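Here is a friendly walk through one protein chain.

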Amino acid sequence: SQVHGDTTVGSATHCPYCALQCGMYVANGEITPREDIPANAGGLCQKGWTAAELLTSPERITTPLLHGKPVTWEEALDYTAGRLRAIRAEHGPDAVAVFGGGGLTNEKAYQLGKFARVALRTSQIDYNGRFCMSSAAAAVNRAFGMDRGLPFPITDIGRADAVLLAGGNVAETMPPFVRHLTAMRSRGGRLVVIDPRLTQTARLADLHLQATPGTDLALALGLLHIAVAEGHADLGYLAARTTGFEAVRASVSAWWPERVERVTGVPVAQMREAVRILGEAGRAMILTGRGAEQHAKGTDTVTAFVNLALTLGLPGREGSGYGCVTGQGNGQGGREHGQKADQLPGYRKIDDPAARAHVAAVWGVDPADLPGPGRSAYELLDALGTPEGPRALLLFGSNPVVSAPRAGHVTERLAALDLLVVADFVLSETAAMADVVLPTTQWAEESGTMTNLEGRVLLRRQAAAPPPGARSDLRILGGLAERLGCGEKFPADPRTVFDELRRASAGGIADYSGITYERIAAETGVFWPCPATETAPEAGPHPGTPRPFLDRFATPDGRARMVPVDHRPPAEDVDEEFPLYLTSGRVLAHYQSGAQTRRIRSLNQVASEVFVEVHPDLAERLNVAPGDRVRVRSRRGAAEAVARVNASIRPDTVFMPFHWEGVNLLTNPALDPMSRMPEFKVCAAALERCTGE
Ligand code: SF4
């Protein structure tokens with residue numbers, strides 16, 4: 001399927017959506033799944049099957065807009081660069097901010113970080129991945145010295161004897177993932193799911209722990225307490241491969257099972273059964289998703305699950321381990337190449353002098369000229385248009401009007417800007433507010449690399465011609481850089497950018513220097529770290545690292561660090577005025593803010609509007625019938641939705657999907673102190689039936 005031997009062009013590509021990055025062929029508007037990509041091995045979900053409709057959507061924008069009016073690219077870029085220069089001259093470089101996305105290719109994520117620091121010289125850059133898995137990243141960086149979502153091939157899940165999945169609904173978010181759980185169960189393996197709802201995934205489980213929202217940390221401490229008390233701690237492993245177990249053991253002694261039952265609502269017998277399943281399995285895995293991670297204590301919650309995994313002796317053993325099930329398409333790669341406020345390419349820390357010197361040399365700038373760390377995503381959005389905050393924002397691959405916490409407030413901040421520039425291929429809710437809209441090409445119309453949830457670097461090939469008028473994000477950045485006086489540093493060709501990314505990442509934690517487009521094409525992906533081996537060519541190319549922790553963890557002494565953590569209530573607990581827990585998540589038919597999937601007819605037919613899931617007991621108490629319009633309120637706002645009454649949710653909890661404007665008007669932006677993750681997954685709310693309207 002290659003044209004003229006060019007590896008970047010051809011029908012074999014990958015889905016535009018989630019972190020599974022299912023392999024697919026796209027030809028003449030038809031999609032067929034690829035068998036050669038292990039993550040999906042011939043499967044797709046309905047989002048993937050219908051993704052080609054995005055390419056020909058009548059809602060595509062193909063002409064730049066300036067204050068809502070069509071203009072030429074020259075006019076749009078000249079205006080934008082002129083305003084950026086003027087705002088910077090008046091208020092300083094940090095008056096211009098950049099916001100990226102976890103769906104951007106590695107090349108774009110890299111170029112965006114470089115553009116902010118080199119072309120704009122601003123420290124004010126972050127991205128929506130901060131809202132995705134940043135707390136899990138912080139926890140595993142602390143424990144293992146390296147953050148790679150699944151530090152093992154996804155097919156290892158099928159070889160495990162038990163899996164505990166905390167706060168992930170993969171049967172809806174990424175259905176082909178289920179085949180790996182099914183493979184595990186068909187060999188006699190057992191699945192345990194922690195979720196406040198009886199989700200499609202929980203229905204597959206042998207054991208479902210229906211914890212109160214915001215109590216996963218207490219539950220993990222309780223499971224660890226039982227594991228130690230019942231002799232499942234792997235003392236040989238703990239002595240050889242970890243530090244800190246004694247302090248962790250002491251810290252969980254107060255979390256006896258009955259106390260944990262009172263906090264979480266999970267019966268002691270179920271906790272004991274979960275520990276027995278994990279403890280007696282030859283190979284076991286503990287996985288977390290957003291349900292456990294999107295909390296103001298998300299880092300500590302994941303740390304508690306990592307401590308449990310380490311106590312059982314799982315990480316760094318083949319077929320076992322801890323992993324974070326990353327959500328966004330390039331959630332993994334997006335956090336490795338420098339679009340995060342505190343990071344430089346190669347997953348380097350921006351305040352590390354050696355990292356700054358290395359990256360500055362690749363970029364051809366003085367390390368002293370590189371800005372330091374900036375604000376995290378919510379703090380950045382919260383500061384927009386304030387006297388101390390940025391006056392201008394360039395936004396790529398994100399739709400914060402729908403997806404940010406306390407979204408009504410964020411919308412006000414966006415409206416207060418002197419300049420909002422949005423690059424997108426549809427007029428998202430955020431793009432509709434912009435002074436300048438720059439129409440982009442999309443997934444199958446351009447080439448680039450994506451790093452899936454396993455840390456496997458994949459090649460998205462260009463499989464369709466873009467419509468006239470649309471430009472790639474890389475070309476847009478190049479056009480702006482040219483007008484800002486540094487165009488030569490910002491090429492538009494993805495392969496050229498990737499080759500520079502390889503050099504910038506060399507020697508870092510996420511080392512891509514040995515990965516080439518040709519290798520990815522020949523090997524159906526390459527796992528990082530994969531250093532170049534020019535210094536010892538006789539050894540052959542580095543094979544990549546499917547399981548990075550088999551011999552040692554990436555800490556200075558090679559041991560995993562166990563850190564004691566303690567439970568605390570949600571940042572906002574229920575009370576008389578707001579007596580319900582509100583939680584959020586996804587439905588099968590839609591992806592993230594819905595900017596893409598809500599524009600696909602067949603997906604909209606399946607799920608066309610926002611709803612709220614209510615337990616029958618609660619519905620009866622509030623006089624709500626199925627299909628009624630209800631109003632859900634929190635301290636931050638109110639949203640209307642259609643009531644769905646079913647017993648799959650806890651009676652003290654209501655659930656709303658986040659693909660429409662609604663639930664994020666209500667969510668709490670309380671931040672995790674370590675990762676700056678907002679508390680998306682629990683806040684206090686009230687619900688009432690809408691009357692009269
Ligand atoms: Fe696969 Fe995710 Fe795309 Fe569905 S949305 S086809 S699970 S990559």
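Is Gln592 buried or exposed? Gln592 is buried, because 25 other C-beta atoms lie within 10 Å. The rule is that a residue is buried if 20 or more other C-beta atoms lie within 10 Å of its own, exposed if 12 or fewer, and partly exposed in between, with C-beta atoms placed from the backbone.

Before going on, please note that this is a predicted model, in which local features need pLDDT of at least 70, side-chain atom pairs count only at pLDDT 80 or more, and totals for chains, interfaces and linings use all residues. Residues are numbered from 1 along each chain as its sequence is written.

## The whole chain

The protein chain contains 23 helices and 30 strands. Helices (H or I, at least four residues) and strands (E, at least two) are DSSP runs, numbered from the N terminus. Taken along the principal axes, the box filled by the C-alpha atoms is roughly 75 × 65 × 50 Å. A compact globule of 693 residues would have a radius of gyration near 26 Å, and the 24 Å of the protein chain agrees with that. This radius is taken over C-alpha atoms, and the globule rule is 2.2 Å times the number of residues to the power 0.38.

Of the 693 residues in the protein chain, 61% are buried. Two residues are in contact if their C-beta atoms, placed from the backbone, lie within 7 Å. Among contacts with a separation of 6 or more, 72% join residues 24 or more positions apart.

## Domains and a shared face

The chain is divided into domain 1 (12-54), domain 2 (65-131 + 330-499), domain 3 (134-324) and domain 4 (580-689). These bounds come from an automatic or database domain assignment. The centres of domain 2 and domain 4, taken over C-alpha atoms, are 30 Å apart. Their contact takes 16 residues from domain 2 and 19 residues from domain 4. On the domain 2 side, α16 (377-383), α17 (400-403) and α18 (407-415) each supply at least two residues. The residues of that side divide into seven nonpolar, five polar and four charged. Here Ala, Val, Leu, Ile, Met, Phe, Trp, Tyr, Cys and Pro count as nonpolar, Asp, Glu, Lys and Arg as charged, and the others, Gly among them, as polar.

## Around the ligand

Which residues come nearest to the ligand? Of the 14 residues around the ligand, they are Cys15, Cys18, Cys22, Cys45 and Gly48. A residue is near a molecule if its C-beta atom, placed from the backbone, lies within 6 Å of it. This shell has ten nonpolar residues, three polar and one charged. Domain 1 and domain 3 each give at least three residues to the shell.

## Two helices

Helix α4 (residues 134-144) is mostly covered, with eleven of its eleven residues buried. Those buried residues pack against β12, α13 (290-293), α14 (298-311), β13 (321-324) and β22 (560-561). Just after α4 comes Gly145, with a positive phi of about 80°.

In α12, the buried residues are Met271, Ala274, Val275, Ile277, Leu278 and Gly279. They pack against several elements, including β8 (162-166), α8 (216-229) and β12 (284-288).

## Loops worth a look

| Residue | Phi | Loop between |
|---|---|---|
| Gln21 | about 50° | β1 (12-14) and β2 (23-27) |

Gln21 counts as buried because 29 C-beta neighbours lie inside 10 Å.

Where does Gly329 lie? Gly329 is in the loop between β13 and β14 (343-344). With 30 C-beta neighbours inside 10 Å, Gly329 also counts as buried. Leaving aside neighbours within four places in sequence, the contacts of Gly329 include Cys18, Gln21 and Met450.

Finally, Trp528 and Pro529 are joined by a cis peptide bond, with omega about -5°. Pro529 is placed in the loop between β21 (526-527) and β22.
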